[in-house]
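Subject: Structure handover

Hi,

Here is the structure for you to look over. My notes follow below it.

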Amino acid sequence: MLQVSNLSVARGGMTLLCGVDFSLSAGQVLVLRGANGLGKTTLLRCISGLQDSVEGQITAPETVAYSGHADGLKGQMTVLENLVFWASIYHGPSPNVALDAYNLHRLADRPAANLSAGQKRRLGLARLQVSGCALWVMDEPTVSLDVHNVALFRAALNQHVQSGGAAVITTHIDLEHASARVLDLTRFKARGVASSSAFEEALE
């Protein structure tokens with residue numbers, strides 16, 4: 001599903017990670033850990049094809065579903081219209097799948113701009129449900145979610161991998177998933193990159 005070989009990534013002209021190597025098979029979840037500013041987000045963006053790496057190789061599906069810090073919503077469109085839009089882009093499954101997964105039916109006709117932070121996050125994650133992509137790449141997906149909605153996310157993730165999908169995630173919570181592996185990226189930190197500073201947090 002995913003092979004990362006001898007990868008180096010940079011942001012703002014500064015190399016953050018060097019020699020990153022890992023692989024991910026269908027039915028697996030990989031959790032990336034490391035200090036703020038280490039380069040977790042930058043690595044995810046490279047895997048998703050949103051930016052180029054400095055060197056190395058990434059072998060991944062042609063289309064990857066990415067969920068970052070921004071929810072990727074169109075505020076003037078309703079919840080349902082957002083899902084219909086993304087389903088049409090990806091040629092994915094019916095939006096009802098996503099409405100069910102994240103308990104969004106009662107919000108279906110509400111403009112995305114009028115949602116709470118937690119509701120926007122649920123809708124942003126629901127986009128992955130209608131993508132039809134086998135590989136999900138997610139950066140802190142449970143931010144703004146309460147305990148109940150974190151459980152909905154875990155259930156959606158479990159269903160995805162049980163049906164042959166895979167996921168790479170940065171998160172500080174326990175996913176409670178049997179196939180989840182943890183990779184601490186600290187050992188790939190480039191020389192000269194500080195371990196803790198305001199600059200790091202700004203990078204991340």
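Start with Arg 127, which lies in helix α4, residues 117–129. Please keep in mind that the model is predicted.

Arg 127 is buried, yet it has no salt bridge. The nearest side chain of opposite charge belongs to Asp 71, at 6.7 Å. A salt bridge needs a side-chain nitrogen of Lys or Arg within 4 Å of a carboxyl oxygen of Asp or Glu. Setting aside neighbours within four places in sequence, Arg 127 is in contact with Tyr 66, Ser 67, Asp 71, Gly 72, Leu 73, Leu 83 and Trp 86.

Now the helix itself. α4 has 13 residues and spans 19 Å from first C-alpha to last. That is close to the 18 Å expected at 1.5 Å a residue. The helix is mostly covered, with 11 of its 13 residues buried. Among them are Gly 118, Arg 121, Arg 122, Gly 124 and Arg 127. What do the buried residues of α4 pack against? The partners are β5 (65–67), α2 (79–90), α3 (95–101), β6 (135–139) and α5 (147–162).

Last, the cysteines. The disulfide count is zero, with a cut-off of 2.5 Å between cysteine sulfur atoms. For Cys 18, the nearest cysteine sulfur is that of Cys 46, 12 Å away. Cys 18 is partly exposed, at 35% relative accessible area. Cys 46 is in no disulfide either. Cys 46 counts as buried, at 5% relative accessibility.

Best wishes

Conventions
Residues numbered from 1 in each chain as written. Predicted model: local features only at pLDDT ≥ 70, side-chain atom pairs only at ≥ 80, totals over all residues. Heavy atoms only, no water. Helix = DSSP H or I, 4+ residues; strand = E, 2+ residues; numbered from the N terminus. Buried < 20%, exposed > 50% of the residue type's maximum accessible area, 1.4 Å probe, protein only. Lys, Arg positive; Asp, Glu negative; His and termini not counted. Contact = heavy atoms within 4.5 Å. Expected span 1.5 Å × (residues − 1).
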